[in-house]
Amino acid sequence: MRIGVFVRLTAATAIFAVTAPALSKDGAAGAPRYGTFGVDLSTKDAAVKPGDDFWTFVNGGWATRTEIPADKASVGYGNVLTDEAEINVRAILDDMAKNPAKYGPTGKQVGDFYASWMDEAGIEAKGAAPLKPYLAKINAVQNLTDLQTLFASVGYASPVGVGIIPNLADPTRYTAAVGQGGLGMPRDYYLLEGAKYDGYRKAYRAYIEKMQTLAGIENAAAKADAIFALETAMAKEHWSPEKSRDIAALNDPQDIAGLTKKAPEFDWALMLKTAGVDSSPKVLMTNNTAITALGKIMVATPLATWKDYLAYHFISDNAPYLPKAFDQARFDFYSTTLSDVKTQRDRWKRGVQLTNGALGEAVGQLYVAKFFPPAAKAQMTELIENLRGAYQDRISNSAWMDEATRKAALAKLAAFEPRVGHPEKYIDYGSFKVVRGDMLGNAMRSAEFEHQLELSRFVKPVDRSLWSMTPQTVNAYYNPLANQITFPAAILQPPYFDPNADPAVNYGAIGAIIGHEMGHGFDDQGSQFGPTGKFENWWTPAAKEAFKARTAALAAQYDQYEAVPGTKVNGKLTLGENIGDLGGIEAAYGAYQRYQAKHGKAPVIGGLTGDQRFFLAYAQAWQAKLREGAARARALTDPHSPPYFRVNGIVRNVDAWYTAFDVKPGDKLYLPPEQRVHIW
């Protein structure tokens with residue numbers, strides 16, 4: 001029932017989409033993990049000029065000799081850290097599963113959940129029987145009232161999602177929100193022309209039929225045709241990913257009467273009450289025109305088709321918790337067909353991620369105790385404050401910003417709240433009932449637990465101490481509704497952060513990541529929120545127009561880059577992340593200069609200046625390769641640009657990079673100074 005647009009608003013302002021832990025607790029002084037100063041120079045392609053292709057200059061040797069593993073959609077440092085993380089977390093989970101009493105009640109929950117997933121034989125023996133009570137509930141639907149009750153219930157698909165977020169007008173309080181949903185593929189996969197997308201649609205329709213057949217549902221072929229036609233009609237009404245980034249367009253608060261006027265086909269009072277949010281005075285109606293159209297589709301579609309739709313989606317969504325035939329069919333479509341991944345990941349690895357998802361902070365508390373060096377937090381504090389100072393310098397000296405807007409920007413910067421490592425308090429999972437041997441039931445109860453947890457918070461002021469990522473997540477994020485930047489413990493590791501590396505490397509890697517997250521506070525979305533997280537305008541018209549001109553130029557640059565053959569990067573969809581990358585590296589470079597002013601000028605190491613090491617570290621951090629299918633999917637749906645262009649598309653706008661590597665006119669990445677985009 002969570003609404004994707006708000007997950008994107010608060011969590012997709014993350015640095016990237018990799019989620020996995022790994023960290024050494026050894027904080028003692030010693031050699032850096034990579035190379036002699038923190039960068040692995042063996043990954044370079046020395047035959048390539050840095051001014052022609054900086055990503056390949058730094059990572060080309062690695063790319064040539066590295067194959068993407070059969071069970072992965074991509075390979076790179078994120079995957080390396082994921083693999084290490086899963087080994088570390090697996091050791092904790094294995095012990096919990098074997099010795100649950102050793103860890104107390106929460107440890108038993110974690111151990112039982114993981115053990116339920118690992119019991120393949122038990123899952124196989126039950127067959128499709130665990131589905132029966134849920135499919136019976138769907139089969140019992142008699143009318144639109146029953147249908148909408150399921151739409152608003154935890155665990156069932158719906159064309160309209162109901163969720164809870166901080167109120168845009170008053171981020172100290174929560175509000176209910178509704179938004180578009182209910183598709184089995186990304187929106188554009190239903191709509192784009194060409195043989196590639198025709199193939200995806202054919203494969204998806206076959207997948208719908210197969211999942212029903214495996215569950216013993218009759219007339220699966222005819223039902224698959226109707227379900228696919230329904231989803232195609234819905235996709236035609238959905239907002240595009242780039243339009244769904246328009247906060248002003250999404251900001252449409254309505255009371256029940258307003259919702260009913262715009263989409264009278266839905267029983268809003270029923271759906272909000274079922275979801276437990278009927279006490280909300282206003283409901284944020286996002287994707288409003290899509291919801292209006294979806295209401296018309298709801299009443300025009302036979303009830304029987306909706307029931308078949310619900311049954312299919314329930315089976316598909318829960319296929320991993322069912323016998324192998326279900327799980328494999330889902331993998332074959334979503335991983336192999338859409339992302340070109342050939343081999344299913346080891347079951348224990350998937351179990352680690354599932355357990356992290358269901359009981360992540362319980363696992364994270366143990367993870368932090370075992371793997372997070374407190375010394376890392378102190379070093380990060382200095383980095384963050386140097387980044388804040390660099391942004392302050394850049395904003396204060398901005399030639400295009402007038403004084404009124406500058407004053408407001410500096411106030412927002414001063415109000416940034418950095419959070420490092422782990423939450424101060426962890427989630428209490430005491431009310432989550434885990435039954436060893438009941439994997440599907442555990443998954444459903446996990447979703448219900450999360451929902452009830454949100455409802456318990458809904459009536460209270462927003463708790464700013466909550467985290468949207470677990471400590472064992474290799475990522476970082478900015479939350480515009482709280483003006484917070486968060487760096488989980490697991491990202492504070494090489495190559496992003498290494499306490500034994502040259503400072504230039506840490507500023508080029510984790511420094512740019514810190515700067516990226518701070519930059520989200522001033523990107524095309526984050527710049528619409530004030531110091532407290534309130535959705536408000538703090539810009540003068542002249543400053544806003546100057547900002548739009550610069551961001552439009554950056555979007556135009558990215559529109560020219562080809563993510564995969566025939567599919568270009570969407571400059572508008574990726575604009576916020578690109579602004580974060582550009583502002584992040586320029587602020588990190590400024591922070592590095594502040595560091596040198598305090599600690600002394602950086603020496604030349606191995607023939608490389610400090611500035612060169614800074615940019616090498618930045619490019620090394622984006623060392624990654626993607627399968628074509630995965631790259632295409634991300635180009636159409638992901639607000640992050642491909643790793644290759646997060647390097648080449650950014651450095652060509654940074655003046656210091658030209659000086660560091662003597663980039664001249666005639667080099668392929670060269671941009672004349674007047675064409676370089678400088679925002680923050």
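1. Basis. This is a predicted model, in which local features need pLDDT of at least 70 and side-chain atom pairs count only at pLDDT 80 or more, while totals for chains, interfaces and linings use all residues. Residues are numbered from 1 along each chain as its sequence is written, and side-chain values use heavy atoms, with hydrogens and water left out.

2. Aromatic pairs. Rings of Phe, Tyr and Trp (for Trp, the six-membered ring) pair if their centres lie within 6.5 Å; planes under 30 degrees apart are stacked, over 60 edge-to-face, and the rest tilted. The count by this rule is 52 aromatic pairs. In one of them, the ring centres of Phe-522 and Trp-538 are 6.2 Å apart and the planes stand at 90 degrees, so this pair is edge-to-face. Phe-522 and Trp-538 are 16 residues apart, and both belong to the loop between α22 (510-520) and α23 (541-559). Helices here are DSSP runs of H or I with at least four residues, strands are runs of E with at least two, and both are numbered from the N terminus.

3. Burial and the ring cluster. Phe-522 and Trp-538 are both buried. Buried means under 20% relative accessible area, exposed over 50%, and partly exposed in between, with a 1.4 Å probe and protein chains only. Phe-522 and Trp-538 also belong to a cluster linked by ring pairs, together with Tyr-391, Trp-400, Phe-416, Tyr-478, Trp-539, Phe-547 and Trp-680.

4. Charges over rings. A charge sits over a ring if NZ of Lys or CZ of Arg is within 6 Å of the ring centre and within 35 degrees of the ring normal. Arg-347 lies over the face of Trp-117, at 3.6 Å from the ring centre. Arg-676 is placed over the face of Tyr-658, also at 3.6 Å from the ring centre.

5. Helix α13. In α13 (residues 268-275), the buried residues are Trp-268, Met-271, Leu-272 and Ala-275. Their arc around the axis is only 95 degrees, which puts them on the same side of α13. The arc is taken from the directions from the helix axis to the C-beta atoms.

6. Helix α6. Tyr-134, Leu-135 and Ile-138 are the buried residues of α6 (residues 132-139). They fall within an arc of 95 degrees when seen down the axis, so they line one face of α6. Lys-132, Pro-133 and Asn-139 are exposed on the other side of α6.

7. Second largest pocket. What is its volume? The value is about 550 Å³, taken as the space filled by probe spheres set on grid points joined across faces, edges and corners. A pocket is an open set of points on a 1 Å grid over the protein atoms alone, where a 1.4 Å probe fits, with protein on both sides within 12 Å along at least five of seven lines; lining residues have an atom within 4 Å of a point. This pocket has 23 lining residues, with Arg-245, Asp-246, Asp-524, Gln-528 and Lys-548 nearest its centre. Helix α23 gives the most to the lining, with 8 residues. By class the lining holds 8 nonpolar, 5 polar and 10 charged residues. Ala, Val, Leu, Ile, Met, Phe, Trp, Tyr, Cys and Pro count as nonpolar, Asp, Glu, Lys and Arg as charged, and the others, Gly among them, as polar.

8. Backbone. Most residues other than glycine have a negative phi, and most peptide bonds are trans. The bond from Pro-494 to Pro-495 is cis, with omega near 5 degrees, and Pro-495 is in the loop between β8 (484-488) and α21 (503-508). Asn-219 and Asn-483 are not glycines; Asn-219 has a positive phi of about 55 degrees, and Asn-483 also has a positive phi of about 55 degrees. Asn-219 is exposed at 57% relative accessibility, whereas Asn-483 is buried at 0%.

9. Residue pairs. Ile-87, in helix α3 (residues 77-98), is exposed at 53% relative accessibility. Thr-486, in strand β8, is buried at 0% relative accessibility.
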